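Please view the sequence and the structure together before reading on.

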Amino acid sequence: MSQNLQSVRGMNDILPAEAEFWELFEEAVSDRLKSYGYKPIRMPIVEPTPLFKRAIGEVTDIVEKEMYSFEDSLNGEQLTLRPEGTAGCVRAVIQHGLANQVAQRLYYMGPMFRHERPQKGRYRQFHQIGVEAFGFAGPDVDAEQILMIARLWGDLGLDDIRLQLNSLGQPEERARHRADLIAYLEGFQEILDEEAKRRLYTNPLRILDTKNPALQDMCAGAPKLIDYLGEASLAHFNGVQQILKDAGIPFEINPRLVRGLDYYNLTVFEWVTDKLGAQGTVCAGGRYDGLVQQLGGKATPACGFAMGVERLIALIRDSGGEPAPKGTDVYVVHQGETAARLAFRVAEGLRDNGIDVILHCGGGSFKSQMKKADASGALFAVVIGDDEAAAGEVQLKALRDEGVAQQRLKAENLAEVIIDQLLDTQEEEA
Ligand code: ATP
Ligand code: MG
């Protein structure tokens, strides 16, 4: 009967100490995105399976082997837990005609699901913050997104994240490159691994994205897509680079950067760190001008990226940038019936004044309550016994400052005294 119930492998609980930091992180990121005019959007976590097949591409890691797909047992509909956010965001934009009148800058955050082998930095439920811009055709918005990300790294106290850039050109340019690439790869039949053989005629560009070290030399000598780009694609790519140079954002052009999803064209980029081992990409994205139309909307240029929250949080933690969680202001300790009633009044009165309060619940001796007050990280304990309660008074005890004597005061003066002392501490800290 009693079976050990555990979370699903690769899907993690984020416990309070960590979740508090996640909230600070999410707030810092959304503040920065909003400062560039991005607006929040929230999409469902479950979408119809065909959406992902059509958007991401049938011959990709995600669609071939990583999706959590199932049949709705009530109506037989094929459904999938979203493996990424762009497809659903584009679906929502089309469904509600969002980008028909004015260009849109959107962002969202939340869990994504991929059936991968769990390891450091790679989970089956992981979290992304996604950013998408719809209706901008020029290189300005690509570059602006990159500048925004660079500024965000600054906000988060992160350095040492390198920017890699490439251009995938347009579909016609890729088609010509593809033909030459297949011819080149055919010359290496004897060393191609199973996956590469399978992709040789379906998605040869993806072979260049392989993680197999035995294929690295072959990939290095392969025809480069950049050499197949026409004038317009090159102008777009140069446009992005010019803005980055003007802004002093260093970057490296990586001709083998192809991304794991089919919908990209022109600009693609990844931000990579050496500090997280093999899972070093913390942010990745690019342009996907064809996707809106491909999914049934009217042709709309688009550009976006996604950040891996777990990897960024790990990076901030490793660099010692994790802020200490803020304790509460006041912990109210009380004993006896009259004291309990006054305690409720006092706690609510403090809250009316914007003070954070934990009211002790569950009884117990003064001693054990004081231990809990201490452990809560509170700056003050308010202590109320029946003796104090009978006089409408409370004891105020500073928990973090030994130099301050305990004082007995009228309950109605408490908020004012605490606010004064909180202001004093803030001034000392400043
Ligand atoms: P990778 O090459 O690491 O598999 P990807 O190309 O599949 O990455 P994207 O689909 O571009 O990743 O997702 C954007 C970001 O989301 C990644 O750069 C990474 O930070 C994060 N991410 C992707 N998959 C996972 C995962 N399984 N667990 C944790 N984070 C992930
Ligand atoms: Mg992947």
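In this predicted model, ligand 1 has 16 residues around it, and those that come nearest are Arg114, Glu116, Arg122, Arg259 and Thr281.

Three strands, S6 (125-134), S10 (281-287) and S11 (302-308), each supply at least two of the shell residues. Of the elements that take part, S10 gives the most, contributing three residues to the shell around ligand 1.

Several side chains place polar atoms by the oxygen atoms of the ligand. For Arg259, one of the residues that come nearest to ligand 1, a polar side-chain atom lies 2.4 Å from an oxygen atom of the ligand. Gln128 has a polar side-chain atom 3.0 Å from an oxygen atom of ligand 1. In the case of Lys211, an N or O atom of the side chain is 3.2 Å from an oxygen atom of ligand 1. How much of ligand 1 does the protein bury? Taken alone, the ligand exposes 590 Å², and 89% of that is buried by the protein.

The wider arrangement of the chain may now be considered. The domain assignment gives two segments for domain 1, namely 16-169 and 229-318, while domain 2 covers 330-421. Between the C-alpha centres of domain 1 and domain 2 there is a distance of 48 Å.

Key:
Residues numbered from 1 in each chain as written. Chains lettered and ligands numbered in written order. Predicted model: local features only at pLDDT ≥ 70, side-chain atom pairs only at ≥ 80, totals over all residues. Heavy atoms only, no water. Near = heavy atom within 4 Å. Polar contact = N/O pair within 3.5 Å; in protein donor to acceptor, adjacent residues only side chain to side chain. Areas by Shrake-Rupley, 256 points an atom, 1.4 Å probe, with all protein chains shown as cover. Helix = DSSP H or I, 4+ residues; strand = E, 2+ residues; numbered from the N terminus. Domains from an automatic or database assignment.
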